[in-house]
Amino acid sequence: MINNTKSRSGFHYFVRGWHLITLPGIKRYVVLPLIMNIVLLGGAFWWLYSRLNIWIPRLLEHIPGWLQWLGYLLWPLCVLAVLLVFSYFFSTIANWIAAPFSGLLAEQLEARLTGHTPPDGGIMSIIRDTPRILRREWLKLAYYLPRALALLLLHLIPAFGQTVAPLLWFLFGAWMMAIQYSDYPFDNHKVPFVTMRRALARHKTQNMQFGALVYLCTVIPLLNLVIMPVAVCGATAMWVDRYRADFALSPPVK
């Protein structure tokens, strides 16, 4: 049984997340992250789509004249690059705001999946844990920023950078999505950030599959509004099946 659960793909946990958000007793913990994501990402993407026709021509102006014939190829790649960067940026902001509630959702779902009595999920629990959770978000940001800056600089290289950067952005974004959402159950058990990253890297293919599917949903209208709680639930199910036995032999310590 253990070998079977540990061999499940990232696709399995992505699909399972959609099922888990509908569980009785769990749905009420989905509501607040869902509302925050809808308000922030809905407004942000409405604004983005109104600006693309201005930004993309400006990006293409950096292409040398003798490479202008590549414009038809680079236009969709530039659009994709902007969407990938923008979706991750605003998803990060939404995750910061909703982090205490996402941690609570992961905690309650883990208790449901393991058969433990769920910890007190009241407002005082959220207030008490918020400073620690926000410190954890800073660690993720510190890991993300230098790598994101390197990719942005790569994108400034005419033709080559604008061709390669969207692919690298997607791969990096997929990895960051796996880190972002897996971190909630790990952090509930106070597993250090570096230890969590190393654990995820040991199953990198499966985690990249999961992160890639989540990242794709952050770019697709409507799906990007509901993906946050789905990703939290899928990552929590993966924690229970794959990591919990190694890092937490008891209910979350808050």
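Guide: The protein has nine helices and zero strands. This is a predicted model. Read from the N terminus, the order of elements is α-α-α-α-α-α-α-α-α. Of the 254 residues in the protein, 51% are buried. Taking contacts between residues at least 6 apart in sequence, 80% join residues at least 24 apart. The accessible surface comes to about 12000 Å², and carbon and sulfur atoms account for 71% of that surface.

Now the aromatic residues. The count of aromatic pairs comes to nine. One of these pairs is Tyr143 with Phe193: the ring centres are 6.1 Å apart and the planes stand at 75°, so the pair is edge-to-face. The cut-off behind that label is an angle over 60 degrees between the planes. Tyr143 belongs to helix H5 and Phe193 to helix H7 (residues 193-201), so the pair ties together parts 50 residues apart in sequence. Both partners fall under the 20% limit for a buried residue: Tyr143 has 11% relative accessibility and counts as buried, and Phe193, at 7%, counts as buried too.

A second pair is Phe186 with Tyr243, which is tilted, with 5.3 Å from centre to centre and 55° between the planes. Here too the pair links distant parts of the chain, since Phe186 is in helix H6 (residues 160-188) and Tyr243 is in helix H9, 57 residues apart. Phe186 is buried at 1% relative accessibility, and Tyr243 is buried at 2%. These two residues also belong to one aromatic cluster, formed by Phe186, Trp239, Tyr243 and Phe247.

Helix H9, where Tyr243 lies, deserves a separate look. The helix covers residues 223-247 and bends by about 50° at Asp241. Of its 25 residues, 20 are buried, so H9 is largely enclosed by the rest of the structure.

Arg147 lies over the face of Tyr143, 3.9 Å from the ring centre. Tyr143 therefore has Phe193 as its edge-to-face partner and Arg147 over its face. In the other case, the charged end of Lys204 sits over the ring of Trp175, at 4.6 Å from the centre of that ring.

Helix H5, which holds Tyr143, spans residues 123-155 and also contains Glu137. Glu137 is a charged residue worth checking for cover and partners. With 2% relative accessibility, Glu137 counts as buried, because the limit for that class is under 20%. Its side chain makes a polar contact of 2.8 Å with the side chain of Lys140. Beyond residues up to four places away in sequence, Glu137 touches Trp96, Ala99, Gln180 and Tyr184.

Two of those residues, Gln180 and Tyr184, turn up again around Asn95. Asn95 is in helix H4 (residues 71-114) and is buried, with a relative accessible area of 1%. Apart from neighbours within four places in sequence, Asn95 is in contact with Gln180, Tyr181, Tyr184 and Met228. The C-alpha atoms of Asn95 and Asn37 are separated by 8.1 Å, although the two residues are 58 residues apart along the chain.

Val30 gives another view of how separate stretches of chain come together. Val30 is found in helix H3 (residues 27-60) and counts as buried at 6% relative accessibility. Once neighbours within four places in sequence are left aside, its contacts are Ile21, Leu105 and Pro229.

The last stop is the loop between H6 and H7, where Lys190 is found. Lys190 has a phi near 60°, a positive value in a residue other than glycine. Lys190 is partly exposed, with a relative accessible area of 41%, which means a value between the 20% and 50% limits.

Notes
Residues numbered from 1 in each chain as written. Predicted model: local features only at pLDDT ≥ 70, side-chain atom pairs only at ≥ 80, totals over all residues. Heavy atoms only, no water. Bend = angle between axes of the 7 residues up to and from the residue. Helix = DSSP H or I, 4+ residues; strand = E, 2+ residues; numbered from the N terminus. Buried < 20%, exposed > 50% of the residue type's maximum accessible area, 1.4 Å probe, protein only. Contact = heavy atoms within 4.5 Å. Areas by Shrake-Rupley, 256 points an atom, 1.4 Å probe, with all protein chains shown as cover. Polar contact = N/O pair within 3.5 Å; in protein donor to acceptor, adjacent residues only side chain to side chain. Phe/Tyr/Trp six-rings, centres within 6.5 Å; stacked < 30°, edge-to-face > 60°. Lys NZ or Arg CZ within 6 Å of the ring centre and 35° of its normal.
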